[in-house]
Amino acid sequence: MRHYSASRSCDVRSDLMILRSLLVALISLIFADAATAQALQQQSQPDWPCRQVRVPELAVAGVWTGPPLDDAMKHWRDDQTIADLVSRLSQRRTPIDEAERLVAQFAQSAGDKRKERLMTLFAGVYERMNDERHEVVNGLDRFGRRLKDMAEKAREETQTLRDLQDQKPPDPEAIKKASEALQWRLRLFEEQRRMVGYVCESPALIEQRFGALARAIEQAME
């Protein structure tokens, strides 16, 4: 009986060491890429989970060389045709080649007001996609914060398991339950961690689509 208890204690201690090592590895992995970003960026945005620099706004100056958009930004929703087209162009389920055809058709139908209406269309596309990017970036902040909370909870459960294992005499049933809870927590953490690379591409995909639409609209204005 004493031999069994000693063996069980060794097994528990071994499991605990494995779980602790796994926890450290997972936590390191989740923020390893983010740590390669600029140091000031990380200090000012501690919840940001991506290696990409956090840029919540689309840079309109890099793709638009036309007149100021201030007035068009205020009134594009007043034109239902433009508002409907903005919605369709902004949706990622609309293939970019189809979006380019829609822009060309719109330009052709605009007649003498082609440049004015295309500028209004661009203002709507910019505002719509800029709002989308802003929402996505805020969502990534929440995602990163959730991962940090999960990591902290896993640390707490690791310490709880260690305290139980160090008790004299140990309580095998309590240790078993704590170990199973920690293993579940680590599996959940790992599932979330695997999503980081995918979800962090979302802002760049929005920017790429916006750039393609901006080029199509400017070309139609020529």
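Mentor: One cut-off first: helix axes with an angle over 145 degrees between their N-to-C directions count as roughly antiparallel. Keep in mind that this is a predicted model.

Trainee: Why are helix 6 and helix 9 called roughly antiparallel?

Mentor: Helix 6 (residues 114-166) and helix 9 (residues 202-221) pack at an angle of about 175°. That value is over 145, so the pair counts as roughly antiparallel. Their axes are 10 Å apart.

Trainee: What residue classes make up the contact of helix 6 with helix 9?

Mentor: The contact has 18 nonpolar, one polar and six charged residues.

Trainee: How many helices and strands does the protein have?

Mentor: There are nine helices and zero strands. Along the sequence the pattern reads α-α-α-α-α-α-α-α-α.

Trainee: What makes Cys50 and Cys200 a disulfide?

Mentor: The cut-off is a sulfur pair within 2.5 Å. For Cys50 and Cys200 the S to S distance is 1.9 Å, so the pair qualifies. The structure holds one disulfide.

Trainee: Why is the disulfide of Cys50 and Cys200 called left-handed?

Mentor: The torsion about the S-S bond is about -80°, so the disulfide is left-handed.

Trainee: Which parts of the chain does the pair tie together?

Mentor: Cys50 lies in the loop between helix 2 (39-44) and helix 3 (70-75), and Cys200 in the loop between helix 8 (196-199) and helix 9. The pair therefore ties together parts that are 150 residues apart in sequence.

Trainee: Are Cys50 and Cys200 buried or exposed?

Mentor: Cys50 and Cys200 are both buried, a label that requires a relative accessible area under 20%. Of the 222 residues in the protein, 39% are buried.

Trainee: Why is Gln52 called partly exposed?

Mentor: Gln52 has a relative accessible area of 25%. Gln52 is in the loop between helix 2 and helix 3. Leaving aside residues up to four places away in sequence, Gln52 touches Cys200 and Glu201.

Trainee: What makes Gln108 exposed?

Mentor: The relative accessible area of Gln108 is 69%, which is over 50%, so the label is exposed. Gln108 sits in helix 5 (residues 96-109). The C-alpha atoms of Gln108 and Ala220, 112 residues apart along the chain, are separated by 8.6 Å.

Trainee: What share of the contacts comes from residues 24 or more positions apart?

Mentor: Among contacts with a separation of 6 or more, such residues account for 81%.

Trainee: How do you know that the peptide bond from Lys168 to Pro169 is cis or trans?

Mentor: Omega is near -5°, and the bond is cis. Most peptide bonds are trans. Pro169 is in the loop between helix 6 and helix 7 (172-193).

Definitions and conventions: Residues are numbered from 1 along each chain as its sequence is written. This is a predicted model: local features need pLDDT of at least 70, side-chain atom pairs count only at pLDDT 80 or more; totals for chains, interfaces and linings use all residues. Side-chain values use heavy atoms; hydrogens and water are left out. Helices (H or I, at least four residues) and strands (E, at least two) are DSSP runs, numbered from the N terminus. Buried means under 20% relative accessible area, exposed over 50%, partly exposed in between (1.4 Å probe, protein chains only). Contact means heavy atoms within 4.5 Å. Axes are lines fitted to C-alpha atoms, for helices over the stretch in contact, and angles run from 0 to 180 degrees between N-to-C directions. Angles under 35 degrees count as roughly parallel, over 145 as roughly antiparallel, 65 to 115 as roughly perpendicular and the rest as oblique. Ala, Val, Leu, Ile, Met, Phe, Trp, Tyr, Cys and Pro count as nonpolar, Asp, Glu, Lys and Arg as charged, and the others, Gly among them, as polar.
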